Amino acid sequence: MAQLSREDVLKLARLARLALTDEEVEEFRKELEGVLQYIDMLKDADVSGLTPTTQVTGLKNVMRDDQVIDYGISNKQLLALAPGRQDDLIKVKRMIG
Amino acid sequence: MSQWLPIAHIAQQVQTGRLLAADLVETALKTITDKLEYQAIIATTEQRARERAASIDAVVAEGKPVGRLAGVPFIAKDNFLVFGANTTAASNILKGFDAPYQSTAIELLEREGAICVAKANLDAFAHGGSTENSDFFTTKNPHDPTRVPGGSSGGSAAAVMLDMVPFALGTDTGGSIRQPASFTGAVGYKPTYGLVSRSGVVAMASSTDVIGPLTRTVEDAALVIDVLAGKDPLDSTTVERDSSGYVAELPQDITGKKIGVVKEYFEEGLSDGVREVIQASIAKLKDAGAIIEEISLPSLPLSLAVYYVVCPAEVSSNLSRYDGQRFAYSYGNAANLEESYSKTRSIGFGKEAKRRIMMGTYVLSSGYYDAYYRKAQTVRTKLIQEFNEAFKQVDFLLGPTAPTTAFKIGENASDPLQMYLTDVMTVGPSLVGIPAIVIPAGTSQGLPVGLQLMAAQHQDRALLGLAQGTEGLLA
């Protein structure tokens with residue numbers, strides 16, 4: 001059965017960009033262990049000769065013409081959704097250095 | 001009795017000027033106000049609804065055609081992008097988000113003259129089976145306000161059964177239309193995966209997300225699907241619609257229809273009350289001339305485990321877009337970009353969203369991918385094969401929708417696994433991508449029980465026909 005340590009949970013939180021409180025770390029540790037215990041039943045399933053399913057439509061390479069379609073939405077409207085802006089750009093915190 | 005006529009009838013009355021769209025919108029808005037205590041609604045779109053009603057009535061006055069859903073008010077689950085109100089997905093992180101465009105589903109309904117009057121509550125990001133995971137409030141079951149309406153489309157189901165509107169839109173990823181339909185006595189339809197465009201709907205688990213209606217009758221559900229079905233260039237997973245459409249010819253005869261009763265659904269976990277109602281429904285179908293056979297789907301008991309690997313994996317990926325940089329909530333006092341991401345997400349996401357992100361990150365992370373994600377997707381293949389085999393023997397499959405009737409508010413809230421188990425009977429069809437419909441089958445101790453009927457992929461038209469025939473028998 002899968003066991004999770006505090007460090008495992010903190011690693012996942014880091015990968016998922018979540019800042020968890022100490023209480024949340026312990027809570028998720030227990031809960032994730034519980035769910036992992038449940039999904040452990042998959043281990044014994046015999047799937048020899050089968051390949052994984054990635055989609056259920058059977059569609060392949062759905063293409064469309066490379067054309068601009070006018071949806072009546074302006075750049076300004078979309079930019080207005082961003083929390084930080086400067087001129088026509090989205091402003092974020094410094095990334096390098 | 002509902003205050004609403006059948007949808008086709010309403011539209012016809014509006015087209016001929018015997019009913020005014022403006023009056024229909026006022027009736028819907030008044031009912032919403034009268035039933036506020038059930039907390040089914042997050043926001044109304046009343047100003048836009050009134051404007052649309054006035055313009056539809058004006059077109060009728062000019063003697064011009066106004067569409068197959070003319071003047072019909074409806075409510076959309078709050079994960080559909082809609083003009084006239086914010087789109088929140090019942091989450092704090094999207095609070096105040098004003099959609100710059102509308103979902104294809106809403107556009108198609110509006111093109112036929114339907115009018116969105118409100119946005120319905122849900123479990124935040126559609127994660128849950130009770131609406132208790134809404135970051136705002138819990139919707140109450142119309143039959144017993146101490147109980148949940150089911151979820152995640154619990155607000156939509158409650159809105160229909162509280163008679164606010166003739167139909168509501170929901171989304172179903174692992175049962176989120178069907179389980180609330182069962183809990184509230186509504187008809188809930190999950191079409192074939194890909195039949196309805198998901199453009200402009202907040203994504204949850206993209207390999208199983210579908211859109212469908214909650215209604216009082218199968219006839220109404222079929223008409224809504226007839227308007228929504230088909231390919232959309234904005235959603236490359238959409239499939240061709242049935243050339244005959246989805247509105248069935250009446251009367252529907254079920255004589256000689258081969259229906260498989262799925263054995264595994266009746267094994268452990270099914271409550272006695274639900275079992276009795278479903279068994280009685282099977283007996284009625286038999287009396288009416290249906291050929292009933294027992295069918296075994298040996299991998300079905302694994303479907304919930306498959307789902308709770310695949311779904312969180314896709315959730316963790318879909319929710320990565322909420323990073324506080326481009327739209328939605330953003331933490332204001334971050335020292336650097338890293339902190340801006342993590343604080344935004346920690347404050348903005350509720351517990352269940354975080355839980356699923358963590359779980360999904362785990363099963364996709366290096367070292368666990370093969371053991372969990374790849375294994376689950378391979379068991380999914382096995383499940384698909386078993387359903388395909390079954391549909392060689394029978395035309396339809398049948399089972400209950402949920403193990404129990406609507407549970408008490410708070411009853412499953414402390415244990416996430418217990419909450420996940422309420423999806424145990426609905427996730428199979430989701431993983432396989434087949435259509436499934438829930439129709440009211442009776443009550444157990446005063447609470448509704450829904451019968452779940454399933455068909456092979458793209459057999460939506462036949463399934464709706466069977467459901468319409470069955471609905472008459474169970475009424």
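User: In chain A, which helix has the lowest confidence and which the highest?

Analyst: This is a predicted model, in which local features need pLDDT of at least 70, side-chain atom pairs count only at pLDDT 80 or more, and totals for chains, interfaces and linings use all residues. Residues are numbered from 1 along each chain as its sequence is written, while chains are lettered from A and ligands numbered from 1 in the order in which they are written. Taking pLDDT as the predictor's confidence in each residue, from 0 to 100, and helices (H or I, at least four residues) and strands (E, at least two) as DSSP runs numbered from the N terminus, confidence in chain A is lowest in helix H3 (residues 75-79), at a mean of 91, and highest in helix H1 (residues 6-15), at 97.

User: What is the mean pLDDT of chain B?

Analyst: For the model as a whole, the scores are ipTM 0.96 and pTM 0.97. Chain A has a mean pLDDT of 92, with 98% of its residues at 70 or more. In chain B, 100% of the residues reach 70 or more, and the mean is 97.

User: Which helix gives the most to the side of chain A that touches chain B?

Analyst: Two residues are in contact if their C-beta atoms, placed from the backbone, lie within 7 Å, and the contact takes 42 residues from chain A and 52 residues from chain B. H1, helix H2 (22-39) and H3 of chain A each supply at least two residues of the side of chain A that touches chain B. The helix that gives the most, with 7 residues, is H2(A).

User: Why does the radius of gyration of chain B agree with a compact globule?

Analyst: Chain B holds 15 helices and 11 strands, and its C-alpha trace spans about 65 × 55 × 45 Å along the principal axes. The radius of gyration is taken over C-alpha atoms, and the globule rule is 2.2 Å times the number of residues to the power 0.38. For 475 residues a compact globule would therefore have a radius near 23 Å, and this agrees with the value for chain B, 21 Å.

User: What share of the residues in chain B is buried?

Analyst: A residue counts as buried if 20 or more other C-beta atoms lie within 10 Å of its own, as exposed if 12 or fewer do, and as partly exposed in between, with C-beta atoms placed from the backbone. Among the contacts in chain B with a separation of 6 or more, residues 24 or more positions apart account for 76%. Of the 475 residues in chain B, the buried share is 63%.

User: Is Ser134(B) buried or exposed?

Analyst: Ser134(B) lies in the loop between S3 and helix H5 (154-161) of chain B. Leaving out residues up to four places away in sequence, Ser134(B) touches Ala90(B), Asn121(B), Leu122(B), Asp123(B) and Ala124(B). Because 29 other C-beta atoms lie within 10 Å, Ser134(B) is buried.

User: In the hairpin of S10(B) and S11(B), which residue takes a positive phi?

Analyst: Strand S10 (residues 436-444) of chain B runs antiparallel to strand S5 (residues 187-190) of chain B, to which 3 bridges join it, and Gly188(B) has Val438(B) as its bridge partner there. S10(B) is also joined by 8 bridges to strand S11 (residues 447-455) of chain B, again antiparallel, with Pro440(B) opposite Gly450(B). The hairpin has 2 residues between its strands, and the residue with a positive phi, near 50 degrees, is Gln445(B).

User: How far apart are the end C-alpha atoms of helix H15 (residues 460-474) of chain B?

Analyst: The buried residues of H15(B) include Leu463(B), Leu466(B) and Thr470(B), and what covers the buried residues of this helix includes S10 and S11 of chain B. The expected span of a helix is 1.5 Å times one less than its number of residues. The 15 residues of H15(B) should therefore span 21 Å, which agrees with the separation of its end C-alpha atoms, 21 Å.

How values were computed: Two strands pair if DSSP finds at least two bridges between them.
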